[in-house]
Amino acid sequence: MRCHEARHRLDPFMDGEISVEENLRVLEHLNLCRACAGAFEGEKALRAVLRRTLGASDAAPAGLEERLAAALASPAPATTRTPLRTRFRWGSLAAAAALALAVLTLVFSHPGRMPRAVASDLSERHDATRLGFCGQSARDCVCFCSDCNEDGEAALAPFFRRHVDYDVCTHPIEGMGYRFVGASVWDHEGRAVCWTIQRDDRGRTITHGLVATPIAMGTRPVFLPDAASHPVIMTPSCQPGMTCVFVFDDAAEAERFRKAAKMY
Amino acid sequence: MKVGMDTREEFQGLVRPHLDALFRTAFRMTGERAAAEDLVQEAFLRGFRAFSTFERGSNFKAWMYRILTNTYISEYRRRRQAPRPTDFAEFDLEADPAVEPLKAEEVERVGDRLGDAARRALARLPEEHRLVFLLSSLEDLTYREIAEALQIPIGTVMSRLFRTRSALRTELAAHARALHEGSAP
């Protein structure tokens with residue numbers, strides 16, 4: 001075997017991927033050729049360093065196995081829930097912050113899907129909902145403009161009640177100049193997501209989804225600036241076992257919301 | 001189909017020995033621990049849903065890696081906003097024949113200080129090359145297992161590995177020598 005042949009076989013030789021016969025030939029060459037033996041020793045040392053520095057100690061996080069098991073075992077949510085007849089509204093961002101604080105005191109330990117995965121799904125819905133549904137009011141969506149709907153925002157609660165048997169929190173964000181333009185109910189993995197869409201005078205949109213899919217998250221809001229195509233903030237909802245998901249057009253608006261709601 | 005407790009336990013039992021390795025690979029794919037957890041969970045759920053199609057006695061590890069890789073490609077990579085390098089414009093995958101391969105003593109002299117350069121070099125690699133390299137060099141999958149996991153021919157596994165390693169060697173040799181010269185009195 002010549003040097004260039006041996007060098008060419010060095011990687012599969014070290015990976016244990018060549019035939020016994022070829023293996024012997026490479027070994028024989030390495031015994032005879034100091035230059036190739038040097039390259040082999042160098043490669044061996046390099047591999048050891050790469051393994052140590054790139055491969056070390058990335059064990060799965062504690063509890064991951066249990067969370068996976070819980071995700072498998074997680075039953076579908078009950079089809080009937082005790083309706084909460086109190087409709088939560090955030091009259092101002094101060095109230096929003098107060099509500100968030102109150103909610104954070106609840107223990108929220110629902111095994112389920114990881115926030116980032118859910119956020120990615122919902123962030124994509126933002127594009128479909130962000131302009132509202134003017135002129136398209138249908139069973140699963142409603143527009144609040146005066147042309148489409150005489151009741152305006154008052155149609156919000158009856159609309160959601162037609163779809164789900166719990167009250168849906170809607171969180172007006174008037175403090176930042178947003179107002180409701182529409183609502184919809186869409187399915188996420190077999191469970192309802194109740195969406196409200198708010199827009200400001202500059203055409204910026206914030207969508208809010210009340211998500212019934214179990215999400216593995218703690219008691220604090222989760223900010224996912226790069227969840228997918230749009231930034232997402234999740235907070236445990238006032239509804240037990242549900243999550244409020246806010247989706248923003250861009251990072252600047254998400255940041256403005258976080259500051260205004262003192263969500264740090 | 002109603003899934004019994006036995007199936008669930010069997011699936012979990014098969015995944016358990018590979019969980020650390022799956023997480024490590026997911027971490028290297030996504031670059032973030034949170035995203036890696038999401039990815040592993042998604043792959044785990046997909047794997048369980050498809051478990052009835054797994055042929056008992058065949059290679060479960062390669063099968064799970066294939067699901068992990070497919071999940072990554074379909075669920076995560078397409079959502080990434082920043083463009084990833086998709087060609088070799090930034091990274092010369094042809095080894096420079098003028099560069100003398102590193103000797104063992106040269107590697108030992110700089111040791112783990114090479115880690116950062118290796119990480120940077122890997123991050124600049126085209127994704128399909130990086131994956132093959134990681135699965136082979138760090139996760140010890142055989143060429144056949146990698147081919148199965150990534151659904152590419154073994155010849156492609158070998159050529160990607162060869163080019164990746166040659167390029168890394170060239171880059172790290174230059175870096176190790178520069179490090180050594182920089183630290184010389």
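Tutor: A salt bridge is a side-chain nitrogen of Lys or Arg within 4 Å of a carboxyl oxygen of Asp or Glu. The model under discussion is predicted.

Student: What makes Asp201(A) and Arg179(A) a salt bridge?

Tutor: Their side chains meet with N and O 3.1 Å apart. The limit is 4 Å, so the pair qualifies. The two residues belong to distant parts of the chain, 22 residues apart: Asp201(A) is in the loop between β3 and β4 of chain A, and Arg179(A) is in strand β2 (residues 179–188) of chain A.

Student: Is Glu43(A) buried or exposed, and how do you know?

Tutor: Glu43(A) has a relative accessible area of 8%. Buried means under 20%, so Glu43(A) is buried. Both Glu43(A) and Arg47(A) also belong to one network of salt bridges that share partners, together with Asp11(A), Asp15(A), Arg165(B) and Arg169(B).

Student: Which salt bridge does Asp140(B) form, and why is that pair said to join two chains?

Tutor: Asp140(B) forms a salt bridge with Arg51(A), the closest N and O atoms being 2.4 Å apart. Asp140(B) lies in the loop between α7 (127–138) and α8 (143–150) of chain B, whereas Arg51(A) lies in helix α3 of chain A, so the pair joins two chains. Asp140(B) is partly exposed at 46% relative accessibility, and Arg51(A) is partly exposed at 38%.

Student: What makes up the contact between chain A and chain B?

Tutor: The contact takes 45 residues from chain A and 51 residues from chain B. The area buried between the chains is about 4,200 Å², of which carbon and sulfur atoms give 57%.

Student: Why is strand β4 of chain A described as largely enclosed?

Tutor: 7 of the 7 residues of β4 (residues 205–211) of chain A are buried, so the strand is largely enclosed by the rest of the structure. Both faces are covered: Thr205(A), Thr207(A), Gly209(A) and Val211(A) are buried on one side, and Ile206(A), His208(A) and Leu210(A) on the other. In a regular strand the side chains alternate between the two faces of the sheet.

Student: How do you know that β3(A) and β4(A) pair?

Tutor: Pairing requires at least two bridges. Strand β3 (residues 191–199) of chain A and β4(A) have 7 bridges in the antiparallel sense, so they pair. Ile197(A) stands opposite Thr207(A) in β4(A). The two strands form a hairpin with 5 residues between them, and Gly203(A) in the turn has a positive phi of about 85°.

Student: What makes β4(A) and β7(A) a pair?

Tutor: β4(A) and strand β7 (residues 243–248) of chain A are joined by 6 antiparallel bridges, and at least two are needed, so they pair. His208(A) stands opposite Phe246(A) in β7(A).

Student: Why is β7(A) described as largely enclosed?

Tutor: 6 of the 6 residues of β7(A) are buried, so β7(A) is largely enclosed by the rest of the structure. Strand β6 (residues 232–236) of chain A runs antiparallel to β7(A), joined to it by 5 bridges, and Met234(A) stands opposite Val245(A) in β7(A).

Note on methods
Residues are numbered from 1 along each chain as its sequence is written. Chains are lettered from A and ligands numbered from 1 in the order in which they are written. This is a predicted model: local features need pLDDT of at least 70, side-chain atom pairs count only at pLDDT 80 or more; totals for chains, interfaces and linings use all residues. Side-chain values use heavy atoms; hydrogens and water are left out. Contact means heavy atoms within 4.5 Å. Buried area is the accessible area (1.4 Å probe) that two parts lose on being put together, summed over both. Buried means under 20% relative accessible area, exposed over 50%, partly exposed in between (1.4 Å probe, protein chains only). Helices (H or I, at least four residues) and strands (E, at least two) are DSSP runs, numbered from the N terminus.
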